[in-house]
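Here's a quick briefing to read alongside the model.

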Amino acid sequence: MPRPRKPRCVRDEPAYAFFKPQGIPLRELEMVTLSVEELESLRLVDIEELYQEDAAAQMEVSRPTFHRIIKEARHKVAEALVEGKALGIEGGDYFLAGDTRIFECMECGHTWEEPFGTGVRACEASCPKCGGAVTRKGCGMGRARRGQGPRGRCGPPAGETKQQQ
Ligand SMILES: [Zn+2]
């Protein structure tokens with residue numbers, strides 16, 4: 001039975017959503033779509049120069065899962081550059097980290113915030129009060145949400161508006 005896929009922790013929405021080769025009309029181009037978590041894997045390893053193990057912890061996935069994500073990401077970027085395809089960045093299965101994550105103890109119900117980027121995973125943490133097992137309740141400021149499939153887009157957080165391109 002396949003395990004349900006857990007959304008990946010991503011620091012922020014991508015700043016740029018679309019790239020294409022100069023001088024070729026979009027209708028004549030093939031399009032490659034990079035998911036937000038695939039872009040995040042490139043950012044962590046190729047920009048921030050983290051080891052894959054640490055990058056995997058930040059995204060709260062296993063190292064083999066992270067390896068699959070970044071391999072696919074690099075393949076897509078190379079495909080766009082080498083074969084002259086348009087590259088879009090959107091969708092996927094992720095939540096935004098915000099600055100903190102909210103952990104909740106499954107034993108006593110104690111909740112607390114864990115800063116993002118410490119690499120502490122809910123499944124490995126224990127309750128500071130009773131030592132019980134911990135689940136991640138969400139991200140700070142209620143920003144947790146999921147992408148909506150390959151063509152989906154995340155809406156802006158409640159109470160914020162963002163200009164559509
Ligand atoms: Zn507890």
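**The strands around β4**

Strand β2 (residues 18-19) pairs with β4 in the antiparallel sense, over two bridges. Two strands count as paired if DSSP finds at least two bridges between them, and the elements themselves are DSSP runs numbered from the N terminus: helices are H or I with at least four residues, strands are E with at least two. Keep in mind that this is a predicted model: local features need pLDDT of at least 70, side-chain atom pairs count only at pLDDT 80 or more, and totals for chains, interfaces and linings use all residues. Residues are numbered from 1 along each chain as its sequence is written.

**The sheet**

- β2 and β4 belong to an open sheet of three strands, in the order β2-β4-β3, with mixed pairing. β2 and β3 are the edge strands, each pairing on one side only.
- A residue is buried if 20 or more other C-beta atoms lie within 10 Å of its own, exposed if 12 or fewer, and partly exposed in between, with C-beta atoms placed from the backbone.

**The whole chain**

- The protein chain has three helices and eight strands, and along the sequence they follow the pattern β-β-β-α-α-α-β-β-β-β-β.
- There are 165 residues in the protein chain, and 25% of them count as buried.
- Take the contacts in the protein chain with a separation of 6 or more: residues 24 or more positions apart account for 68% of them. A contact here is a pair of residues whose C-beta atoms, placed from the backbone, lie within 7 Å.

**How α1 meets α2**

- The axes of α1 and α2 come within 9 Å and cross at roughly 135 degrees. Axes are lines fitted to C-alpha atoms, for helices over the stretch in contact, and angles run from 0 to 180 degrees between N-to-C directions.
- α1 and α2 are therefore oblique to each other; angles under 35 degrees count as roughly parallel, over 145 as roughly antiparallel, 65 to 115 as roughly perpendicular and the rest as oblique.
- From α1, the contact uses E37, E40, S41, L44 and V45, and from α2 it uses Q52, A55, Q58 and M59.
- Those contact residues divide into four nonpolar, three polar and two charged.

**Two glutamates with positive phi**

- Most residues other than glycine have a negative phi.
- E49 has a positive phi of about 55 degrees although it is not a glycine. You'll find E49 in the loop between α1 (36-47) and α2 (52-59), where E49 is exposed, with 9 other C-beta atoms within 10 Å.
- E60, not a glycine either, has a positive phi of about 60 degrees. E60 lies in the loop between α2 and α3 (63-83), but E60 is buried, with 23 other C-beta atoms within 10 Å.

Notes. Two residues are in contact if their C-beta atoms, placed from the backbone, lie within 7 Å. Ala, Val, Leu, Ile, Met, Phe, Trp, Tyr, Cys and Pro count as nonpolar, Asp, Glu, Lys and Arg as charged, and the others, Gly among them, as polar.
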